[in-house]
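Visitor: Please take me through this model, one question at a time.
Guide: Here it is; the questions follow.

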Amino acid sequence: MTSEDDNHGPSRRKVLECMTWAGTGVLWTIAGGVPTSMGIIDQALAAEPKGLTFLQISDSHVGFDKPANPNALGTLEEAIGRVKALPVKPSFMIHTGDISHLSKVKEFDDADQMISQARLDVHYVPGEHDLLDDEAKLYKERYGRGAKGAGWYSFDANGVHFIGLVNVVNLKAGGLGNLGDEQLEWLEADLKGRSASAPIVVFAHIPLWIAYKEWGWGTEDGARALEYLKRFGSVTVLNGHIHQVMQKVEGNVTFHTALSTAFPQPVPGTAPSPGPMKVADDKLRTLLGITNVTFKQGDQRLAIVDQPLKT
Amino acid sequence: MVMEVKFAGHLSKVFAAFLAIAVMVAVAPAAYAEEPSVKIDNFTFNPPSLTVTAGTTVTWKNEDDIPHTVASTTRAFKSKALDTDDSYTFTFTTPGVYEYFCSIHPHMTGKIVVEAKTGSN
């Protein structure tokens, strides 16, 4: 982080003000861990970033047909339509879990058929809704080949190191999301020897930090993972699960959660439970969407743009 | 209880009384001895703690728009994922305290306290 960045960075209060806008399409540029609001989506996309652009979609819940959205496959189709229409074609897509609603073969089939229309490589991590069949075979067969344990792995793209983690298995009564010792040991080894200047993107289903304990929105041993990531200059943590945009910055780590493509969930504490939130029909698509992430080579910046299906 | 029975004289009264008892016996189990149940809604088990006697079958019903499971912390029992309106039953034969949770949303917890049948200990 340079002092120039510091001077141009917003105050903590300004960041918090911007956070409430994130869901409606504010571009975030991350410089050394301090996000700077750059304006609305259209301006940002017009800037034609050079470097790596990738896309995050999350919580498709294909098969969901309850009042909050009777046609989750339909809104996934609209989301993929937005992906295809992007002015800058992303290099690949990550899906942060809950592809299906009930881990049924037809749900995975429908999701795959729809998502493949984007014609992009997709890197998946599972959500708890993807592991509901006996022994969680379906997810592993379709998306987990070559991955370790319950489906964690890492890869590199344009100098950025990507790490997909699984925090939805072996959950303990009364607890939160869980990574477990085996995965944490793998993570420590995966990061060992890497240059601290290498930008890191970590993605997992449940927020890696404690977003709202009362609703189980957090990862029990997430702090251990963050301990291994502390020495890196640029760390971006992308999660799903909570079906709304939430952003937090801690040191060099930026945490960001994506919109769902299926149904919104309430803001913490504003409803009796985190269940699907029924909103007026014309409002639904303003609360669903995709996330565009751009890394510009050289200046260590990651820009995160949330794009609702409808503004 | 008033009953219209198309029989004449004394015999009809006896029959009516018999019928009344028969009706009460038939109705009683449904009205007064309902199988204990736990409702799952708003990401909670209701009631969170339920006391039953050994041999009782407990039914859980999911009334949320999101699937849940019923999983014993000691792996004594575990349901499949219960979609909306799905039910799961388990018969508790041995006295003890059975803690359970939703393995998908582990902050959801509950317990079943199983007491020995009266006179059997």
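**Two chains, element by element**

Guide: Chain A has nine helices and 13 strands. The model is a predicted one.

Visitor: What percentage of the residues of chain A count as buried?
Guide: A residue counts as buried when 20 or more other C-beta atoms lie within 10 Å of its own. Chain A has 311 residues. Among these, the buried share is 47%.

Visitor: For contacts in chain A between residues at least 6 apart in sequence, what percentage join residues at least 24 apart?
Guide: A contact here requires C-beta atoms within 7 Å. Of the chain A contacts that span at least 6 positions, the share joining residues at least 24 apart is 71%.

Visitor: In what order do the elements of chain B run?
Guide: Chain B holds one helix and eight strands. Of its 121 residues, 26% count as buried. Starting at the N terminus, the order is α-β-β-β-β-β-β-β-β.

Visitor: Are H4(A) and H5(A) roughly parallel or roughly antiparallel?
Guide: Helix H4 of chain A covers residues 72–84 and helix H5 of chain A covers residues 105–115; their axes come within 9 Å and cross at roughly 20 degrees. The crossing is right-handed. Angles under 35 degrees count as roughly parallel. H4(A) and H5(A) are therefore roughly parallel.

Visitor: Which residues of H5(A) meet H4(A)?
Guide: From H4(A), the residues taking part are A:Leu73, A:Leu76, A:Glu77 and A:Ile80. By class, the contact of H4(A) with H5(A) has six nonpolar, no polar and two charged residues. On the H5(A) side, the residues are A:Asp110, A:Ala111, A:Met114 and A:Ile115.

Visitor: Is A:Asp110 buried or exposed?
Guide: A:Asp110 sits in helix H5 of chain A and touches A:Val62 and A:Leu73, leaving out residues up to four places away in sequence. A:Val62 is 48 residues away along the chain, yet the two C-alpha atoms are separated by 7.3 Å. The threshold for burial is 20 or more other C-beta atoms within 10 Å. A:Asp110 has 20 such neighbours and so counts as buried.

Visitor: How are H7(A) and H8(A) oriented, roughly parallel or roughly antiparallel?
Guide: The axes of helix H7 (residues 181–191) and helix H8 (residues 222–229) of chain A come within 10 Å, crossing at roughly 10 degrees. That angle makes H7(A) and H8(A) roughly parallel.

Visitor: Which residues of H8(A) meet H7(A)?
Guide: The contact of H7(A) with H8(A) comprises five nonpolar, no polar and two charged residues. H7(A) supplies A:Leu184, A:Leu187, A:Glu188 and A:Leu191. H8(A) supplies A:Arg224, A:Ala225 and A:Tyr228.

Visitor: Which residues touch the most other members of the largest nonpolar core?
Guide: This core has 89 residues, and its largest share, six residues, comes from H4(A). Beyond four places in sequence, the contacts of A:Leu165 include A:Val125, A:Trp152 and A:Leu179. The residues touching the most other members are A:Leu165, A:Val202 and A:Ala204.

Visitor: Which residues does A:Ser260 contact, leaving aside its neighbours within four places in sequence?
Guide: A:Ser260 is in the loop between strand S11 (253–257) and helix H9 (281–284) of chain A. It is buried, with 30 other C-beta atoms within 10 Å. Its C-alpha atom is separated by 7.3 Å from that of A:Ile57, 203 residues apart along the chain. The contacts of A:Ser260 are A:Ser58, A:Asp59, A:His61, A:His243 and A:Leu288.

Visitor: Is A:Asp59 buried or exposed?
Guide: A:Asp59 lies in the loop between strand S3 (52–57) and H4 of chain A. Its phi is near 50 degrees, a positive value in a residue other than glycine. With 30 C-beta neighbours inside 10 Å, A:Asp59 counts as buried.

Visitor: And B:Asp85, buried or exposed?
Guide: B:Asp85 has a positive phi of about 75 degrees, although it is not a glycine. The residue lies in the loop between strand S5 (71–72) and strand S6 (87–92) of chain B. With 9 C-beta neighbours inside 10 Å, B:Asp85 counts as exposed.

How values were computed
Residues are numbered from 1 along each chain as its sequence is written. Chains are lettered from A and ligands numbered from 1 in the order in which they are written. This is a predicted model: local features need pLDDT of at least 70, side-chain atom pairs count only at pLDDT 80 or more; totals for chains, interfaces and linings use all residues. Axes are lines fitted to C-alpha atoms, for helices over the stretch in contact, and angles run from 0 to 180 degrees between N-to-C directions. Helices (H or I, at least four residues) and strands (E, at least two) are DSSP runs, numbered from the N terminus. Angles under 35 degrees count as roughly parallel, over 145 as roughly antiparallel, 65 to 115 as roughly perpendicular and the rest as oblique. A crossing is left-handed if the near helix is turned anticlockwise from the far one by less than a right angle, and right-handed if clockwise. Two residues are in contact if their C-beta atoms, placed from the backbone, lie within 7 Å. Ala, Val, Leu, Ile, Met, Phe, Trp, Tyr, Cys and Pro count as nonpolar, Asp, Glu, Lys and Arg as charged, and the others, Gly among them, as polar. A residue is buried if 20 or more other C-beta atoms lie within 10 Å of its own, exposed if 12 or fewer, and partly exposed in between; C-beta atoms are placed from the backbone. A nonpolar core is a set of buried Ala, Val, Leu, Ile, Met, Phe, Trp, Tyr and Cys residues joined through C-beta atoms within 7 Å.
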